[in-house]
Structure formats: structure tokens, C-alpha cells
Amino acid sequence: MGACAPRPSPTTSSSRPSGRRLPRWALRSPSRRTTRGARRAIATVPRAPSSSVGSGPGTLLAKPLGSPRTRRVRRRAAGPTRRSSRSLRAISPRTGAPGATPATSTGRARPRACRAVPRCASGSRGTRSRSERVSSDPGLAASGLATGLLQCDHFDAWRCRSCSLLQTPYAAQLAGKQAAVEALLPPLPWLPPVASTQSGFRNKAKMVVAGAVGSPTLGILGPSGEGVDLRDCALHTPGIVAALPVLAGFVTRAGLTPYDVEQRRGELKHLLVTESPDGGLMVRFVLRSQEPVARIRKHLPSLLSALGEVRVVSVNLQPEHKAILEGEQEILLAGDPTLTMGVNGFALHLRPQGFFQTNTAMAAALYAQAQEWIDEVDPDAVLDLYCGVGGFALHAAGPPARARRVLGVEISAEAIAGARLTAAEAGLDVRFEAGDAGDAASWLASLGASGAGVDAGKALVVVNPPRRGIGPELATWLESAPVDHVVYSSCNATTLARDLAAMPSLRPVAGRLLDMFPNTDHYEVVLRLERAPG
């Protein structure tokens with residue numbers, strides 16, 4: 001279903017003065033291939049103009065952060081140091097608080113003063129062309145994001161360091177992601193990357209509830225298990241930011257005891273809040289047991305009165321003492337069974353346990369790009385594997401006048417129920433089935449007329465897997481399948497590269513990066529693959 005990491009693991013970050021390169025040892029990378037590409041993209045970030053536009057959490061600055069801590073970081077990063085790596089402060093992999101050693105994708109520690117920053121001005125030929133392509137984007141320049149920095153009080157105070165690229169100008173963030181992806185994948189023609197806003201883009205808040213009934217915290221857990229309140233996090237959409245204080249008050253009013261991880265007692269583990277593009281809210285209480293449900297029902301009218309935008313309220317039961325977000329059982333308490341997410345004219349129905357891309361604007365751009373490539377191929381049949389709520393499949397179907405057979409397959413029955421409802425409301429003859437994407441051969445055969453199969457030149461497969469990729473079995477099948485065209489959407493270029501190596505006859509002919517997760521090193525990349533002749 002294409003689920004990506006909801007909150008990326010925090011990594012170290014520090015500002016660097018202009019005119020200095022990182023030492024050679026700081027350029028180490030998980031793979032030699034990645035290192036060669038990354039070295040071409042690593043350099044210094046030019047200083048931004050020294051004028052600010054506001055302050056406080058989520059303020060966009062036109063100058064580097066200037067707190068005393070940041071200035072000390074700059075002095076430490078100004079050149080090689082004689083200190084041992086043991087003396088370098090690190091970031092806790094849990095919250096970004098000082099004290100523990102951070103883990104990279106390979107589990108290796110990375111000192112805070114050794115962050116590699118993408119080049120966004122002069123540099124090697126490949127890096128310069130990428131940076132110029134990004135920074136010349138009219139929309140990016142007009143928004144001020146090319147040189148601006150998003151200031152966050154939580155980041156400055158080391159309460160939360162999840163946004164590891166927060167001190168990097170946005171144009172450099174985008175150029176660095178593009179360079180990293182190009183270093184991992186085979187050479188191919190790239191469309192310009194799609195930029196996102198740096199704040200107010202995250203349509204879902206996954207808040208750990210801690211503290212006491214009278215003073216709950218909504219956010220993350222600190223290194224000692226204490227609650228860190230992030231209800232004013234600037235990444236969330238405005239409706240979510242406005243709703244979180246009201247929900248914190250509801251926790252107190254309903255007497256919902258926050259779950260204590262260390263003591264293994266309490267009831268309320270998480271608050272999950274999703275906002276649709278039209279301002280509707282879905283609120284989910286993740287509980288250890290059904291004991292507080294009666295109290296939630298009793299006080300629910302006051303919550304619905306205070307938050308008139310609420311469309312769905314439910315309880316999710318997660319009784320186990322495990323580091324998982326939610327359990328299997330969902331209890332609908334009020335409102336509709338789905339939240340409508342309007343994307344490109346489609347009313348996608350999201351059920352409580354369904355998956356939807358975190359960044360709605362980037363999801364719209366992703367579906368539109370895939371639709372453009374599918375229409376250029378103009379296949380008779382489209383098989384959408386890991387279809388989620390049906391975004392790719394519904395865009396592939398197009399208007400009812402187009403006689404294109406489309407089938408979406410997803411393991412989550414909740415997501416399939418929402419996809420079927422959207423297709424029915426849109427008047428589209430699109431099939432959605434709950435099942436395993438690994439049975440792709442039988443799913444593709446079912447798209448043929450009267451079971452006769454599908455011609456290779458007339459079929460297209462869309463895959464949008466989780467971070468682990470499609471895996472060797474599905475990749476091997478695609479390599480020999482009667483399919484000449486594939487659209488592959490991935491949130492992990494490392495597993496994407498592995499899958500491409502397993503199907504060498506399907507060659508990438510176009511690609512595009514979408515900045516689904518600004519201020520971090522995460523992204524979404526979509527490729528168009530075609531079968532090589534012969």
C-alpha cells in the first residue's frame with residue numbers, strides 16, 4: 001500500500017559557514033556507488049540574505065539560524081577538529097535529544113559536526129546543472145523557499161530533531177535529494193523535481209500521548225521517556241494545529257489516562273488526526289482497552305461542538321506493549337465511516353485504517369504524472385498493485401468513455417472498501433480486490449477478455465510498494481511477464497535500484513522526484529519503465 005515512514009529517523013544537523021568543504025572522512029556512505037554520486041553533490045550552502053520575516057515555531061527566515069547554540073555549532077563546523085569523535089555530541093535516534101548516538105541507514109554513528117550539505121551554487125558539472133534546474137523554478141523562487149530557512153523552536157532547543165535538513169536552504173535540500181537519487185539509479189532522463197511547501201503540508205498527525213490527565217503532552221517521547229509536546233508543530237496543516245489543543249483539553253475532560261511506556265499502565269497511547277483538503281477532520285483515539293470508551297462517548301458531544309470540522313471519530317484498540325502505532329480493531333463512534341480526500345477531481349474515501357500519502361499536494365502531482373505517462377502509452381489494461389485507496393487506478397481509468405480495463409489490488413480490506421466507493425461515485429468501471437500483490441500473474445490474467453489474457457504491448461502495471469520495494473519474486477515475474485510498460489512509484493531509491501537490477505529488460509525512460517517529506521532526506525520518486533527491444 002505504499003506506506004512510508006511517518007516520521008523519519010532524526011539525523012544530525014548543523015549549519016556550516018561558506019567556503020569550506022567537509023573532510024574526506026565525512027563523505028562515507030552506505031554504498032560505494034552512493035558515495036561517488038554524493039561526493040559530486042556535497043559542498044557548502046551559500047549564506048541567505050540577512051533579513052527575517054517573523055519568529056516563533058514554523059517561521060520562515062531569510063537568514064541562517066542565529067541562536068547561541070547554532071553559532072557554537074558553526075564554530076565547531078568551521079574546520080577540522082582535533083577532538084575525538086567521542087567528544088562530539090550526538091542525537092538520540094528516538095527524538096533527536098542530545099545524549100545517544102544517531103543511526104544512519106546503515107546503523108553507523110555520524111557526528112553532528114559532519115553533516116554533508118548539498119551544493120546549490122558552484123561545483124562539479126553534474127551538481128551545478130541540477131542545482132540550477134531546481135533554483136530556477138519560478139514557483140520556488142516566488143515562494144522564497146529557495147533561500148529561506150524554516151525556524152523551529154523545538155529544533156533549536158533540541159526537543160525534536162526529526163527535520164534533519166531544517167538548517168539547509170530549501171533549494172539545496174531539493175538538489176541534494178535529486179543528486180542522491182541519481183547516484184543510486186541508472187542514468188535516465190529526469191523531469192524537474194516537484195517542490196513542496198516547507199510547512200503546513202502534513203495532513204496526518206501521529207501524536208504520542210504522555211504526561212498526566214490534567215496536563216497531557218501530544219507529540220513524541222524524550223530520551224528518558226518523558227512527553228515532549230509538539231502540538232504547534234509547523235509541519236501539520238492549519239486545521240490540525242488548531243485541533244490539537246482542543247483534543248488535549250478533551251483528554252483531561254474525559255479523564256483519559258496517558259499510557260506510561262515504562263510503567264506499562266494507562267490507557268490512551270496515541271491521537272491520530274487527519275485533515276482533508278476541504279478542512280474535514282478524522283480523529284482516532286488509540287487505546288489499550290475498551291475501558292475508557294464509555295467516557296469518550298459521554299463527552300463526545302462537547303468535542304463535536306468545539307470542533308465542527310470533525311467528520312469521523314473512532315477508537316482503535318492496541319492492547320499490546322509494542323512499538324506499533326495501532327491495532328487491528330476499530331470502533332466507529334461518530335460521523336461517517338470515511339473521510340473524503342479531494343485529489344484532482346476525485347473524492348478518495350479514506351477509512352480509519354486506510355493509507356494515504358502524507359503530503360496531499362505531492363500526492364496530486366504524483367497521480368497526475370503517472371496519468372500522463374499512462375495516457376501516452378494508452379494501454380488496454382492497467383494493473384495497479386499496492387493500490388491503497390485507488391489513486392493510481394482511478395487516474396488510469398480516465399473518463400467513462402475510455403474503454404480501459406483497470407484492476408487495483410491491495411492487501412488492506414479497509415482501503416479497498418474506500419476505493420470501491422470512490423469508483424462508484426465517479427461512475428468508473430474500475431475493479432478493486434483485496435489480495436496479495438504477489439499473485440500478479442493471476443490478477444493480470446483476470447483483466448483479459450473472457451480470461452484470454454492480455455497482449456504485452458497493450459498492458460501496463462503500476463507498482464507503489466512500501467519502503468521494502470516489490471521484492472525479488474514480483475520483480476522476477478515482471479521481468480518475464482507479458483507487460484512492456486511499468487510505472488514504479490517508490491519512497492526508497494535503494495530498494496528501487498535493487499528491484500530495477502532484477503528486471504534489466506525493463507529500462508527506465510523517464511523519472512521524476514517529488515518532495516513528499518520536506519526538511520528531511522526522504523522523498524518520493526516515480527519512474528516510467530519500458531521493455532527493451534529484443
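**Notebook: rings, charges and an annotated site**

I started with tyrosine 367, which is buried at a relative accessible area of 6%. The cut-off for buried is under 20%, so 6% puts tyrosine 367 on the buried side. A reminder to myself: this is a predicted model. I then looked up phenylalanine 392, and at 3% relative accessibility that residue counts as buried too.

**Entry: aromatic pairs**

How many aromatic pairs are there? I get a count of two. In one of them, the ring centres of phenylalanine 250 and phenylalanine 285 are 5.6 Å apart and the planes make 45 degrees, so I wrote this pair down as tilted. The cut-offs I needed here: planes under 30 degrees apart are stacked and over 60 edge-to-face, with tilted for the rest.

Where do the two partners lie? Phenylalanine 250 belongs to helix H7 (residues 238-253) and phenylalanine 285 to strand S10 (residues 281-287), so the pair ties together parts that are 35 residues apart in sequence. Phenylalanine 250 has 0% relative accessibility and counts as buried. Phenylalanine 285 is also at 0%, again buried.

Back to tyrosine 367, whose ring pairs with that of phenylalanine 392. This pair is edge-to-face, with 5.0 Å from centre to centre and 85 degrees between the planes. Tyrosine 367 sits in helix H9 (residues 360-377) and phenylalanine 392 in helix H10 (residues 391-397), so this contact ties together parts that are 25 residues apart in sequence.

**Entry: arginine 161 over rings**

Next I looked at arginine 161. Its charged end sits over the ring of phenylalanine 155, at 3.7 Å from the centre of that ring. The charged end of arginine 161 also sits over the ring of tryptophan 158, here 3.9 Å from the centre.

**Entry: leucine 421**

I found leucine 421 in helix H11 (residues 413-426). Leaving out residues up to four places away in sequence, leucine 421 touches Thr338 and His349.

**Entry: salt bridges**

How many salt bridges does the structure hold? I have 17 in my notes, and I went through a few of them.

One of my picks was aspartate 278 with arginine 311, where the side chains meet at 3.6 Å, N to O. Aspartate 278 is in the loop between strand S9 (268-275) and S10, while arginine 311 is in strand S11 (residues 310-317), so the bridge ties together parts that are 33 residues apart in sequence. At 53% relative accessibility, aspartate 278 counts as exposed. The cut-off for exposed is over 50%, so 53% gets aspartate 278 past it. Arginine 311, with a relative accessible area of 32%, is partly exposed.

I then looked up arginine 531 and aspartate 484, whose side chains form a salt bridge at 3.7 Å, N to O. This pair links distant parts of the chain, 47 residues apart: arginine 531 is in strand S21 (residues 524-531) and aspartate 484 in the loop between helix H13 (471-480) and strand S19 (485-490). Aspartate 484 counts as partly exposed, at 24% relative accessibility.

Another bridge I checked joins the side chains of glutamate 530 and arginine 528 at 3.0 Å, N to O. Glutamate 530 is partly exposed at 25% relative accessibility. Arginine 528 is buried, with a relative accessible area of 13%.

Which residues do shared partners join into one network? I wrote down Arg284, Glu326 and Glu330.

**Entry: annotated site**

Last, I went to the UniProt record. Its "binding site" annotation, from an unreviewed entry, covers Gln357, Tyr386, Glu410 and Asn464. I looked up where two of these lie. Glutamate 410 has its place in strand S16 (residues 405-410). Its relative accessible area is 1%, so I marked glutamate 410 as buried. Asparagine 464 is in the loop between strand S18 (459-463) and H13. Asparagine 464 is buried as well, with a relative accessible area of 5%.

Definitions and conventions
Residues numbered from 1 in each chain as written. Predicted model: local features only at pLDDT ≥ 70, side-chain atom pairs only at ≥ 80, totals over all residues. Heavy atoms only, no water. Phe/Tyr/Trp six-rings, centres within 6.5 Å; stacked < 30°, edge-to-face > 60°. Helix = DSSP H or I, 4+ residues; strand = E, 2+ residues; numbered from the N terminus. Buried < 20%, exposed > 50% of the residue type's maximum accessible area, 1.4 Å probe, protein only. Lys NZ or Arg CZ within 6 Å of the ring centre and 35° of its normal. Contact = heavy atoms within 4.5 Å. Salt bridge = Lys/Arg side-chain N within 4 Å of Asp/Glu carboxyl O. UniProt positions renumbered as here; feature names shortened; annotations may be inferred.
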